[in-house]
Amino acid sequence: MAVFPWHSRSRNYKAEFASCRLEAVPLEFGDYHPLKPITVTESKTKKVSRKGSTSSTSSSSSSSVLDPLSSVLDGTDPLSMFAATADPAATVTRPLDSSRKRRDRDENSIVGSDFEPWANKRGEILARYTTTEKLSINLFMGSEKGKAGTVTSAMSEKVRTRLEELDDFEEGSQKELLNLTQQDYVNRIEELNQSLKDAWASDQKVKALKIVIQCSKLLSDTSVIQFYPSKFVLITDILDTFGKLVYERIFSMCVDNRSVLPDHFSPENVNDTAKETCLNWFFKIASIRELIPRFYVEASILKCNKFLSKTGISECLPRLTCMIRGIGDPLVSVYARAYLCRALLTEMMDRCKKLGNNALLLNSVMSAFRAEFIATRSMDFIGMIKECDESGFPKHLLFRSLGLNLALADPPEGDRLQILNEAWKVITKLKNPQDYINCAEVWVEYTCKHFTKREVNTVLADVIKHMTPDRAFEDSYPQLHSIIKKVIAHFHDFSVLFSVEKFLPFLDMFQKESVRVEVCKCIMEVFIKHQQEPTKDPVILNALLHVCKTMHDSVNALTLEDEKRMLAYLINGFIKMVSFGRDFEQQLSFYVEARSMFCNLEPVLVQLIHSVNRLAMETRKVMKGNHSRKTAAFVRACVAYCFITIPSLVGIFTRLNLYLHSGQVALANQCLSQADAFFKAAISLIPEVPKMINIDGKMRPSESFLLEFLCNFFSTLLIVPDHPEHGVLFLVRELLNVIQDYTWEDSSDDKIRIYTCVLHLLSAMSQENYLYHIDKVDSNDSLYGGDSKFLAENNKLCETVMAQILEHLKTLAKDEALKRQSSLGLSFFNSILAHGDLRNNRLNQLSVNLWHLAQRHGCADTRTMVKTLEYIKKRSKQPDMGHLTELALRLPLQTRT
Amino acid sequence: MGTSLDIKIKRANKVYHAGEVLSGVVVISGKDSIQHQGVSLTVEGSVNLQLSAKSVGVFEAFYNSVKPIQIINSTIEMVKPGKFPSGKTEIPFEFPLHVKGNKVLYETYHGVFVNIQYTLRCDMRRSLLAKDLTKTCEFIVHSAPQKGKLTPSPVDFTITPETLQNVKERALLPKFLIRGHLNSTNCVITQPLTGELVVESSEAAIKSIELQLVRVETCGCAEGYARDATEIQNIQIADGDVCRSLSVPIYMVFPRLFTCPTLETTNFKVEFEVNIVVLLHADHLITENFPLKLCRM
């Protein structure tokens, strides 16, 4: 086989770059451009362009700071304009609003503020208690006789209508709706709710009452028991609506022309008509025949007692409570009680106080009521807890409940310290470590929320004191862990956190390794999440190094990959946050220390190498590329760090990439021999690359990764200057030897692809001026200055590589490999086209042969061939490319037959 | 609506006592001026007695012979014939509630066979072409509070199969023991009837326990009388099989208008009773009756 000589096409990268660039066309003043500010009139244009750079005309888009939308609109945004005109209206409505708001607030202060967040609970219940069983609604509804039309002003008529309605009620058309699905049922109840509102709005109070009575009657039916809670919720909604309507109606009657009733009115301020109406309601309700509706309806308008007497509500409460005893079904009666409690929390609270401070009751109150409610009365509760009898219900549970509430809601500012003091006084006296820690755990949250590190320190110290004897902490890891979590959740500033003296001693209580590691993880997570600025605070560094070391040391042969990844992620997060600013030496010594500490976690070592490389580049940047003797030595230290760290890694591609990367950094810092060492190390590592590598738990062939790495490597090798003591292109030669000796997969052409790339590299190397350079590093182009010996060496290498490629192409002349041959041939053809000098006859002939080879067995993609040919023709029109016209003529396209 | 006539009584609850002055305003409103032949105001009060169908047969002699007993009837001329200006005209009035002779202003009571009712009627007579306008309005009379203190009369009761009368086969009855007490059978009408009831034991499940308020109305004269007991209201105090040995409150508000202080006159009587009704499963119905004496303090 004839040896083909290689002749690189000489290239002028600058000219090529310029010719590839899009031509810049200057924009005339009046031309349209979408990025130009929209200008409406001449005068506006002036205004706009003044804002930007004044010298340029409006064609410069840099002047378009102004939003095109706003400039269209004469600077006035239609919305703000609208808002401006709407403003007076808003001010007019404001007093109304505020009065309504006050009313709302008033509502809240009456019962609202003391309510549990019923709205939340309501949703939960509805979502949770559902059924697929069929439901039924049994309603005695009055016929629709008593419609609004019949209500006239004549009294007698009105009375008659009412009597009729009452008759309906007595005999009423009984409607029983059977076989309802849950959704039907809910809809039906919703309809009733709506018709209640409608009836009320159309002044049919009796009908409204009837609806409410019928609805509450449904609560006596427990037939589909799993739906009962939801039913309760739905129906009490109606009751609430009704109660509100009645209350508001009576309230509105108290408002005469002169004055509105104050927020907390007393019965004396209520006028007679309102009182009479209110009384009427109570009389009407008192005559409801059945117990359950009578109870619910009365409870729903209980609030109206305020119109009649000051003590009305508290007098009714015990009676209503007793009334529930008459309900035989335990479920129904318990729910009835629940409704009563919901309606009247404040009164309940007062009664609790009176009832000799029953501990169990107190605890129930604290766990059931809304936290805000409890929090504002914390001091009262502490008082009650102190006084209550220990025998039935331990006090620490009461304090725990109180603490839980205080964690959710804030007590009054003035009481806070006193609350903590009072509570802790009791807690610290608890003998049983379990009781103690359960309580303390809850109170830590409160302490962290409202106090400084001093108090937290005291609390932690107290916990340590209690939990250390007899190694009590061993039984309370979850609680201790939760304490740590709470503390770190509130102290995001780690310098403050670690200045809490007892924090680290507290950590020492976690002696079981698994728990200890978990705690460390929590701390690191919070650190990564909240630490904004890099730090060099020695307190933080010391403490966190300790924490990270704990995590790292937990790694052993049995540690799961996931766990390792997690730990490494956390430690890396810490490492990235450490910065000593301009003190690079300190920084490097930190990395040295970190390496010795975290040697078992590969990702951490990788991070350290990257960090050190970065440090080197950082140094270069500070010195603006001109290293002093000192910085040069420092950079070499960095390079050395990487060089000795990389071999300790396991992942082969990790090592290869890091060698390459660190070599590039060394090169950039003018450490030429060190860079050579990196590259040599990389080259000598390549034979070790296994055929298959493990990626995410799956074995995959490594060749494609190797190909990728090598291509990357070649790009770097272009600019690596030859060593004066070694031969020309010694790194390339060595690399070629390694590639030659590597056992490649028989069925793949990767080796040839690599050779093709080498050919590209060599072509680039033979240019007079290389495509790119590193600042202050003389590459081979300036070292050899186009020396003919160098070029000859280069060409020799090319010939060898080409021989290899052609050899390989020949071996592919078998049936099963024809397709490979075709595509490889075409790719080689393209390489020659791109990098070879086709004025050389032999190269020209070779390319023609390759063209034929690619098409020979009909394996080529016709479209690709056509495109290629078109490309050649196009190229031939460029200057100095005339010879391609002739080539194109020699490249026939295979016709499909 | 051209012209309207309305009476507004000053007190919101419309309650007056004998000797007091009933006051208020008559409101006349219309778009145009109103021509009239005079406006008068009449106070009427009467006892209407009616005989029940079941009594009628026995005492046919009474039929139609029971005339309403008039308590009060007086008219005053408010405005002489003339003209009201357009818009709203309010004419205040005062009516002293005095009775003639030895008549008594009984308390308002709406019953079945006895009705004691007071009305205030305003008439505006008008010319032939326009209809006369009338507006009637009920007001309520409460009898004067009783002097002296009411002595409470508590009653304890125990109901067992043995205490029952009117039982055909005592042996068939399930065993039960119900105890309880009423705080007083002498009741102040404005205060609720209160007490307690405890189901100590019961073989049969309890369905319901109710308080039945009953009016006992007697109409009569020298020749004889008719006495009828009818239900006023029924209040359930227990629904379902209640907890044993846990007291269930007895509590009933006396309804307004339908009750009045126990009344006894020569022509009629109005009395009240309460029944405690226990309904067992298998439809056993046990009733315990307590006569009440209502009064106003």
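**Exercise 1. Work out what share of each chain is buried, and what each chain is built from.**

Step 1. Start with chain B: of its 297 residues, 49% count as buried, where buried means under 20% relative accessible area, exposed means over 50%, and partly exposed is in between (1.4 Å probe, protein chains only). Before going on, keep in mind that this is a predicted model, where local features need pLDDT of at least 70, side-chain atom pairs count only at pLDDT 80 or more, and totals for chains, interfaces and linings use all residues. Side-chain values use heavy atoms, leaving out hydrogens and water, while residues are numbered from 1 along each chain as its sequence is written and chains are lettered from A, with ligands numbered from 1, in the order in which they are written.

Step 2. Now do chain A: it has 897 residues, and buried ones make up 47% of them.

Step 3. Look at the secondary structure. Chain B has one helix and 21 strands, whereas chain A comes to 41 helices and four strands. Here helices (H or I, at least four residues) and strands (E, at least two) are DSSP runs, numbered from the N terminus.

Step 4. Check how far along the sequence the contacts reach, with contact meaning heavy atoms within 4.5 Å. Take contacts between residues at least 6 apart in sequence: in chain B, 71% of these join residues at least 24 apart. For chain A, counted among contacts at least 6 apart, the share joining residues at least 24 apart is 72%.

**Exercise 2. Find the nonpolar cores and look around one of their residues.**

Step 1. As background, nonpolar side chains in soluble globular proteins tend to be buried together.

Step 2. The largest core has 197 residues, and A:W443, A:V463, A:L480, A:F503, A:F574 and A:L710 have the most contacts inside it. Helix 35 (residues 750-765) of chain A gives this core its largest share, 10 residues. Another core lies apart from it, with 78 residues, including B:F113 and B:V278.

Step 3. Zoom in on A:L480. Skipping residues up to four places away in sequence, A:L480 touches A:I437, A:V463, A:M467, A:F473, A:F506, A:M509 and A:F510.

**Exercise 3. Is A:T716 buried or exposed, and what does A:T716 touch?**

Step 1. A:T716 counts as buried because its relative accessibility is 5%.

Step 2. Its contacts, not counting residues up to four places away in sequence, are A:L660, A:Q664 and A:F679.

**Exercise 4. Go through the salt bridges and say how accessible the partners are.**

Step 1. Side chains of opposite charge can pair when their charged atoms come close. The rule asks for a side-chain nitrogen of Lys or Arg within 4 Å of a carboxyl oxygen of Asp or Glu, and the count over all chains is 36 salt bridges.

Step 2. A:K205 is buried, at 13% relative accessible area, but A:D203 is partly exposed, at 37%.

Step 3. Compare A:E16 with A:R11, a salt bridge with the closest N and O atoms 2.8 Å apart. A:E16 is partly exposed at 26%, and A:R11 is partly exposed at 23%.

Step 4. Then take B:E210 and A:R289, with their closest N and O atoms 3.6 Å apart. This pair crosses between chains, from strand 16 (residues 206-221) of chain B to the loop between helix 10 (272-286) and helix 11 (291-300) of chain A. B:E210 is buried at 9%, while A:R289 is partly exposed at 36%.

**Exercise 5. Describe where chain B meets chain A.**

Step 1. Count residues: the contact takes 22 from chain B and 24 from chain A.

Step 2. Get the area. The two chains bury about 1800 Å² between them, 53% of it on carbon and sulfur atoms; buried area is the accessible area (1.4 Å probe) that two parts lose on being put together, summed over both. B:Q236, B:D239 and B:R256 supply 30% of the area that chain B buries against chain A, more than any other three residues.

Step 3. Tally the salt bridges: there are two between chain B and chain A.

Technical notes. Core = buried A, V, L, I, M, F, W, Y, C linked by side-chain atoms within 4.5 Å.
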